[in-house]
Amino acid sequence: MNNPSITIKQLDANSENFAAQLDALLAWESVSDHAVVKSVDEIVAGVQARGDAAVVEYTQRFDALTVASMAELELSQAELQQALKDISDEQREALELAAQRVRSYHEHQKQDSWSYAEADGTVLGQQITAMDRVGLYVPGGKASYPSSVLMNAIPAKVAGVAELIMVVPTPKGERNNMVLAAAAIAGVDRVFTIGGAQAVAALAYGTQTVPRVDKIVGPGNIFVATAKRKVFGQVGLDMIAGPSEILVFCDGKTDPDWIAMDLFSQAEHDEDAQSILVSEDAEFLTQVKASMDKLLPTLDRQDIVKVSLRERAAFIHVHSVEQAAEVINRIAPEHLELSIADPEAMLPRIRHAGAIFMGRHTAEALGDYCAGPNHVLPTSGTARFSSPLGVYDFQKRSSLIYCSPEGASELGKTASVLARGESLTAHARSAEYRIKE
């Protein structure tokens, strides 16, 4: 029995209605329905009011765990180390190598404090300090991502965060040793087996057992995302991520099977994931489609892939490199593969992309796990104004201002004029006190 052909939208960048077609393709809203918002509001309020007792109650209800206290929901460092021992040697070596590469890359992102002195002795500068405590949300149960632990925890530790608190649900007591081993390797300080909106609320507001954090990072389901939105301002957030997405720009010279599998690698995430192929070579688009039809039956998650491709994928025929760049920058993809002969020559044209994978051999999947750069990236076009997660997300900048008597006198004259122009006379007089006669 023949497998039915994959359905993928075919767009031409020269068509009159291309802009409208592209807008429709990219449209995606992460909107929590009323029932989700209502449930999250109740859970967050419950944790705020009752602390540990509420977290235990919600964990019993949602994760089907029989526990009496928060003490039963915290894992010890010994348990994390045991998980590291229990995984296979191959898994441990892969995690350790990935962690080493991620750490090495992020060490290059560290920022240092700086200052400079002006002629009159005034000193201006910037002091860099790390956050005190960060919370890391990790999906649990079947959706377990040890790579996310490394990508979120290691930059925080490189930044100098003193305490990293991880929350990971264990529905029906199901623990993932790879996730816990990754936590051990990354240096996570405390781990609580809680999840959902209750875990986000516990991190944001603190309970008798769970310490309040300064920032929450890490992916989660719609309840987690909705809770993160609700507590924003109480704590910092990494981002509210949309579905995973990839855009491949290929000159038609890469093996079409490779490109097909690169597109599949995003489509298998979930039905909302987006895979886009852009090429000047119309015949190559046809070849990739044939490869996808051929390879789809070999995928474990082919049902998810088919829906993702039908609903959100597209092949876009462009007619020049310049037009390709316009399309790429309009989409501002999370992952961009430049599967072309000279990717470096293309770089100056690319203004908006989360991560750029250069050359035919650089599969996006390498970036997901072990290349080194962070895989937490801006989605849904937010690469126009956002950057990958990094050390800088866990550091704060304080301005430094020291005025010499001479500097205070001269600056005071300017401040006085501006303050009185704003009718803020106390400001003006405060500055004027320092003016030398």
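Close-up 1. Glu79 is partly exposed, with a relative accessible area of 30% (partly exposed sits between buried, under 20% relative accessible area, and exposed, over 50%, using a 1.4 Å probe and protein chains only). Arg175 is also in the partly exposed class, at 43% relative accessibility. The two form a salt bridge, with their closest N and O atoms 3.3 Å apart (a salt bridge being a side-chain nitrogen of Lys or Arg within 4 Å of a carboxyl oxygen of Asp or Glu). Glu79 lies in helix α4 (residues 77-86) and Arg175 in the loop between β6 (163-167) and α7 (177-186), so this pair ties together parts 96 residues apart in sequence. Helices here are DSSP runs of H or I with at least four residues, strands are E runs of at least two, and both are numbered from the N terminus. Keep in mind that this is a predicted model, where local features need pLDDT of at least 70 and side-chain atom pairs count only at pLDDT 80 or more, while totals for chains, interfaces and linings use all residues. Residues are numbered from 1 along each chain as its sequence is written, and side-chain values use heavy atoms, leaving out hydrogens and water.

Close-up 2. Asp89 is partly exposed, at 48% relative accessible area.

**Close-up 3. Helix α6 and what follows.** Of the 14 residues of α6, 13 are buried, so the rest of the structure largely encloses this helix. Next comes Gly160, with a positive phi near 105°.

**Close-up 4. Strand β10 and its neighbours.** Six of the six residues of β10 (residues 245-250) are buried, so this strand too is largely enclosed by the rest of the structure. Glu245, Leu247 and Phe249 point one way, and Ile246, Val248 and Cys250 the other. β10 runs parallel to β11 (residues 274-279), joined by six bridges (strands pair if DSSP finds at least two bridges between them), and Phe249 stands opposite Val278 in β11. Five bridges join β10 to β13 (residues 335-339), again parallel, with His335 of β13 as the bridge partner of Ile246.
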